[in-house]
Amino acid sequence: MVLSKPETGTPVLEMAHVAKSFGGVRALVDASLTLYAGEVHALLGENGAGKSTLLKTLAGVHRADAGEIRLNGGDFHQGNTRDSIDQGIAVIYQEPSLFPDLTLAENVFVGRQLTSGGLVDWAAMEKGAQALFDRLGVSLDPMSKARGISIADQQIVEIAKALSTDTTVIVMDEPTAALSSKEVERLFSVVRNLRDQGSAVVFVSHRLDEVFALCDRMTVMRDGSTVASSLISETSEAEVVRMMVGREVSELFPKLEPKIGEVVLEVKDLSLAGQFSNISFDVRAGEIFALAGLVGSGRSEVIRAIFGIDKYDSGSVTLLGRKLPAGKPSASMAAGIALVPEDRRQQGLFMASSIARNVAVTMLKKLSSWLVLRRKDEESTAAKWASTLQLKFADLSDPVERLSGGNQQKVVLSKWLATEPTVLIVDEPTRGIDVGTKAEVHKLLSQKAQQGMAVIMVSSELPEVLGMADRVFVMREGEHRGTLERSEADPETIITLATGGVVSV
Ligand SMILES: Nc1ncnc2c1ncn2[C@@H]1O[C@H](COP(=O)(O)OP(=O)(O)OP(=O)(O)O)[C@@H](O)[C@H]1O
Ligand SMILES: [Mg+2]
């Protein structure tokens, strides 16, 4: 293990040689993590490296089989999640679960309402929540209901909740995955505030640009073990990638020479009130067509309407010369369109079913004889995709819920690719996927396009858009603002179109 120069003072948290197995799966072999007050510490590693499992032993979700955990130099009691909270461990989940009918203030103090003279002291809770929001530098109204607030705001409320108790360590496991770039900026400023006030924050992200912008130190895990720990200022992205994957990663955007064919999909004057209006474009066989724009610009809404999840008000979608009915995903699928949704956990998987079944389910027709899905076929299809996408799993018959977050994403991707669609629509194809596999996903999309598949890609990552797309269709506030050929697409032009020129780069 490579260690940077020794830190001074007592660490607030020391996790040493932690091991944890699930049945035969060794999720953690020899994991260590040391945290100091006043630092943002990145926990890095490929999908399935053990990051979430390590953090869950701290959160009281799992109990370690071996190893030592010390908090502020004393013993840490491994009990349940409540015990962890009581000892000062706060976990901010990617998608927090607030009580929608309670106010933000009530959510902050839920379970331990402030009282005075035996009565709930509403005024004190409002003041308390307001003070916490101020301390975090955010403007949220403590008296508004939680229902309908953005995921970003929900996370902030969770952080305020953590601060309202004596929290020593704040754990954020991929908090930015569901946020827009503006919301990420705000979260970062909140996290910097926390650090400057002396909190220790653990931050997990697959986006190394975020890690380098925010974190002070980092720990890298591979295959359940900690392989390195150092100051961010003493390392580089390339070095971190090498440590994570244990090899050089080939080109991140391996774009192949496209072979553009005939128009396969025509979208004409598509409108849906309040979401988008007059969206028209053609996509050709062999083309990677990117929809760019800020989160909320209507990109995801457009592709949901094309696929039929939502019904559009007017306009038409034509595939290979045949008009598709609006609002009928089954008809779109039968006609040859596949959609890999953004929210893969909720829309993409049967969590309790096997990996093999999840991969093969959309190909049911191709694989089944007399409607009996042949298990062998199911497994062989799944095995092929598992190796292409470097899926980390114990057995293909295991339920998908046992996979790490990123590996679940790979299953969704496989499931749709396996149907060999005419048009593949992917929403944020590499979100939550580690750098090594990202390159594999890009390679695969590029290969599929070259073989004639039309790919429509929604991505918030500009490098991904610029690296992969043949054409870029930019949206702002539900409207088309410009289409760029590959040769014309550069960050400035896309951002100007996406923001209306209000933000300069
Ligand atoms: N409840 C469980 N039962 C069986 N195996 C599990 C369970 N939870 C995690 N694992 C396995 O432990 C390993 C580590 O998973 P973990 O979720 O910690 O990875 P991760 O580093 O967080 O990955 P990601 O970046 O994809 O979120 C994986 O191989 C996973 O399949
Ligand atoms: Mg994880």
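In which order do the strands of the open four-stranded sheet lie, and with what pairing? The legends below take this up first, and please keep in mind that the model is predicted.

**Figure 1. The open sheet of four strands.** The order is β15-β14-β17-β18, and the pairing is antiparallel. At the edges you will find β15 (276–284) and β18 (322–323); each has a single partner strand, so one side of each is left without a neighbour in the sheet. Strand β14 (residues 263–272) and strand β17 (residues 314–319) run antiparallel and are joined by five bridges. To find your way along this pair, look for E266, which stands opposite T318 in β17. Helix α9 packs on the sheet, where it touches β14, β15 and β17, and its direction makes about 115° with that of β14.

**Figure 2. The open sheet of six strands.** Here the strands follow the order β19-β22-β23-β16-β24-β25, and their pairing is mixed. The edge strands, β19 (337–340) and β25 (479–485), each pair on one side only. On average, neighbouring strands of this sheet are turned by 15° against each other, direction ignored.

Figure 3. Strand β24 (residues 471–476) runs antiparallel to β25, with six bridges joining the two. A handy landmark is V472, which stands opposite L484 in β25. Helix α9 (residues 299–307) lies across β16 (288–292), β19, β22 (423–427), β23 (454–458) and β24, and it runs at about 145° to β22. Helix α16 (residues 435–450) also packs on the sheet; it touches β16, β22 and β23, and its direction makes about 145° with that of β23.

**Figure 4. Helix α5 against helix α6.** Helix α5 (residues 151–163) packs with helix α6 (residues 181–196) at an angle of about 10°, and their axes are 10 Å apart. That makes α5 roughly parallel to α6. From α5 come A152, Q155, I156 and I159, which meet E183, R186, L187 and V190 of α6. Sorted by class, the residues of this contact are five nonpolar, one polar and two charged.

How values were computed: Residues are numbered from 1 along each chain as its sequence is written. Chains are lettered from A and ligands numbered from 1 in the order in which they are written. This is a predicted model: local features need pLDDT of at least 70, side-chain atom pairs count only at pLDDT 80 or more; totals for chains, interfaces and linings use all residues. Axes are lines fitted to C-alpha atoms, for helices over the stretch in contact, and angles run from 0 to 180 degrees between N-to-C directions. Angles under 35 degrees count as roughly parallel, over 145 as roughly antiparallel, 65 to 115 as roughly perpendicular and the rest as oblique. Two residues are in contact if their C-beta atoms, placed from the backbone, lie within 7 Å. Ala, Val, Leu, Ile, Met, Phe, Trp, Tyr, Cys and Pro count as nonpolar, Asp, Glu, Lys and Arg as charged, and the others, Gly among them, as polar. Two strands pair if DSSP finds at least two bridges between them.
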